[in-house]
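Here's a quick tour of a model, going from its domain layout to the ligand site and on to a pocket. Have the viewer open as you read.

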Amino acid sequence: MHDGLLVVDAGGRVVVANETFWKLFSLREVSGGTPLLDAVRNAELHQLITETLRKGEPRQSELALTGAQKNSERWLQVSAVPMKDDKIGTDGAVVLLHDITELKRVNEIRSDFVANVSHELRTPLSILRGYIETLLDNPKTSPKELARILEVMERHSKRLGLLVDDLLTLAQLESANSNLQLSEVNLSELFGKVVRDWEKKLVEKRLKVMVDLPATVAIVRADETRLQEVLYNLLDNAVKYSHENGEIRLHAEQGDDDEIALSVSDSGVGIGKNDLPRIFERFYRADKARTPESIRGTGLGLSIVKHIAQRHGGRVEAESELGRGTTIRVILPMAR
Ligand code: ATP
Ligand code: MG
């Protein structure tokens, strides 16, 4: 049985309990007749059972068990139901303990997500509102000032738009009924197209691009639009976090176990050791202090990349050294 089960008599003595029950409390099984108080030291559980026995009514509550190790806390939903006997009244109680740790965790992730989204929306919105108020209060703003204000407003409304686009992409990738449109993708054509699309931004920052594509990995079976999105996101970062005159390398290689790795490397600012394991998390931005506001993103790009890789049955990897540069690798299973 997956749930913990305990039966106590009217005096609060253990009648029977299943293995899961003892496991939940990391205890060894006790013999029948032992007072529960002696076997399990948990005040909340006792209170719940005592009330059930006293009032003869079912009771329910949530219980947190703190484990010995960090992050080993477990959450239980406990239901106690009295057993009644017509002659002698309440005769004991049946207690069911259901592990709801995972549910709690998912809920926490969800509310973190909502908090993050709200936070990201608030900044551009409050800037927009501030300027709208300025314009309403000063109908005679000079054309020069007006142009400046409109430019800032445009920039922030674009940012809002990008954020919403990224959120929609994530939602689509996560929804169970979104399917990949798989086809044989010619990597040399894809790399060529992506580099052409990025020409202007690359030239602006005087970045040199190298495409390194061995003839052996010409084709990959993937959703071409999604794969292009991956490369766009990686290039966006590579350009954003590069110094002028830097170098960006697009590379594909065949791995050992029927895998193809696509990677984008740059010689830019790099990512610190503490940040590196977290860059694929939603909304995570490394070293906020050093990134100028003008290029600051929302921290969703790499989580989209990771999702797309996973939808293809693949994964992502990152390598970086502060001040030296970064390589992000997307590893996809090869077509059979
Ligand atoms: P978005 O892509 O949503 O506009 P973003 O670029 O900040 O925003 P991600 O692409 O998810 O977010 O990247 C997460 C963080 O990882 C970035 O904020 C940045 O600090 C770091 N990072 C990602 N790629 C690089 C890179 N090539 N060089 C240095 N730092 C990088
Ligand atoms: Mg990005």
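This is a predicted model.

**The ligand site**

Ligand 1 has 19 residues around it, and the ones that come nearest are Asn237, Asp266, Gly299, Leu300 and Leu302. Sorted by class, that shell holds 8 nonpolar, 7 polar and 4 charged residues.

| Residue | Ligand 1 atom | Distance |
|---|---|---|
| Asn237 | oxygen | 2.8 Å |
| Asp266 | nitrogen | 2.7 Å |
| Thr298 | oxygen | 3.0 Å |

How much of ligand 1 does the protein bury? On its own, ligand 1 exposes 590 Å², and the protein buries 94% of that.

**The second largest pocket**

Now for the second largest pocket, with about 320 Å³ of space. Its lining counts 13 residues, and Asn71, Glu73, Thr101, Arg105 and Glu108 sit nearest the centre. By class, the lining has 1 nonpolar, 6 polar and 6 charged residues.

Both β4 (74-85) and α4 (101-137) supply at least two lining residues, with α4 giving the most, at 5 residues. Where does this pocket lie relative to the domains? Domain 1 and domain 2 both give residues to the lining, so the pocket lies between them.

Notes:
Residues numbered from 1 in each chain as written. Chains lettered and ligands numbered in written order. Predicted model: local features only at pLDDT ≥ 70, side-chain atom pairs only at ≥ 80, totals over all residues. Heavy atoms only, no water. Near = heavy atom within 4 Å. Polar contact = N/O pair within 3.5 Å; in protein donor to acceptor, adjacent residues only side chain to side chain. Areas by Shrake-Rupley, 256 points an atom, 1.4 Å probe, with all protein chains shown as cover. Nonpolar A, V, L, I, M, F, W, Y, C, P; charged D, E, K, R; others polar. 1 Å grid on protein atoms, 1.4 Å probe; cavity = no way out; pocket = protein on both sides within 12 Å on 5 of 7 lines; lining within 4 Å. Points joined across faces, edges and corners; volume = space filled by probe spheres on them. Helix = DSSP H or I, 4+ residues; strand = E, 2+ residues; numbered from the N terminus. Domains from an automatic or database assignment.
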